[in-house]
Structure formats: C-alpha cells, structure tokens
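Here is a short walk through one protein chain. Keep the sequence and the model side by side as you read.

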Amino acid sequence: MKTGIYSLMDGERQSELYPESFEIPEWKDRANIKPRTFVKLGFEVENKATGRPSGERMWVKVLSQSKTTGRYTGTLANQPLFIGGLKFGNRVRFSARHIIDIQPPKPEAVR
C-alpha cells in the first residue's frame with residue numbers, strides 16, 4: 001500500500017519469501033485485531049541515493065476495523081527516525097497482510 005510519503009511492507013509476502021527468518025502472526029489473529037491493540041507495521045520509503053526502499057518498523061495503536069472492507073485505522077505510536085513527513089499520532093490505514101507483530105492491550109489494573 002503506497003501513500004505520498006511511504007508504502008507499507010507486505011508482511012505476508014515477506015513471510016512467503018523468507019519463511020525461516022520472517023515469521024508473522026497467524027492470519028486469524030491478524031484478521032481479528034481489537035481496538036487498543038498495538039500492531040507492528042513496516043514503513044518503507046525510497047532511498048534517494050540508491051533508489052531502493054529503506055524504512056522503519058513501528059507500532060500502530062488500532063482504533064477501528066471497517067466492517068465492510070476489513071481494513072484497519074490506527075495511530076502511529078512511535079516517532080519515526082528516518083521518514084520525514086510522518087510523525088507520532090498520524091493516522092494510518094492498513095490491512096491484515098501488513099501486520100508483522102501484535103501486542104495485545106494491557107489488562108486494566110484491578111483495584
């Protein structure tokens with residue numbers, strides 16, 4: 001998926017190409033993410049010097065999932081180091097195929 005600033009790494013494709021070294025969560029887990037869950041996505045930009053992609057892996061806090069398309073909306077939970085024009089809190093739209101890791105929300109403290 002490409003935007004004006006970055007494209008998202010296709011985690012499924014990476015896992016198919018490198019099954020021994022690039023593991024991703026099961027499809028059923030990636031397709032059923034609940035709000036407040038953090039997911040890791042790969043953000044890629046073209047390196048102007050080499051013409052090849054480079055990027056960062058960052059956490060996104062899931063806000064919602066579309067009932068019609070299954071696509072997610074979340075907010076960037078990291079401040080990018082290398083991707084200009086993208087910052088902490090920016091909205092990100094993505095699909096289950098882009099998710100490379102999942103961190104469930106922490107349970108509320110019991111009083």
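What is the mean pLDDT of the chain, and what share of its residues reach 70 or more? The mean is 89, and 86% of residues reach 70 or more. pLDDT is the predictor's confidence in each residue, from 0 to 100.

This is a predicted model, in which local features need pLDDT of at least 70, side-chain atom pairs count only at pLDDT 80 or more, and totals for chains, interfaces and linings use all residues. Residues are numbered from 1 along each chain as its sequence is written, and side-chain values use heavy atoms, without hydrogens and water.

Start with the fold. The chain has 2 helices and 6 strands. These are DSSP runs, numbered from the N terminus: helices are H or I of at least four residues, strands are E of at least two. The order from the N terminus is β-α-α-β-β-β-β-β. Confidence is lowest in strand 3 (residues 53-65), with a mean of 92. It is highest in strand 4 (residues 72-76), at 98.

Now the packing. Of the 111 residues, 35% are buried, meaning under 20% relative accessible area with a 1.4 Å probe, counting protein chains only. Among contacts (heavy atoms within 4.5 Å) between residues at least 6 apart in sequence, 52% join residues at least 24 apart.

Finally, the rings. The structure holds 2 aromatic pairs, that is, Phe, Tyr or Trp (six-membered ring) with centres within 6.5 Å. One of them, Y72 with F94, is stacked (planes under 30 degrees apart). Its centres lie 5.3 Å apart, with 25° between the planes. Y72 sits in strand 4 and F94 in strand 5 (residues 91-94), so the pair links distant parts of the chain, 22 residues apart. Both Y72 and F94 are buried.

Technical notes
Buried < 20%, exposed > 50% of the residue type's maximum accessible area, 1.4 Å probe, protein only. Phe/Tyr/Trp six-rings, centres within 6.5 Å; stacked < 30°, edge-to-face > 60°.
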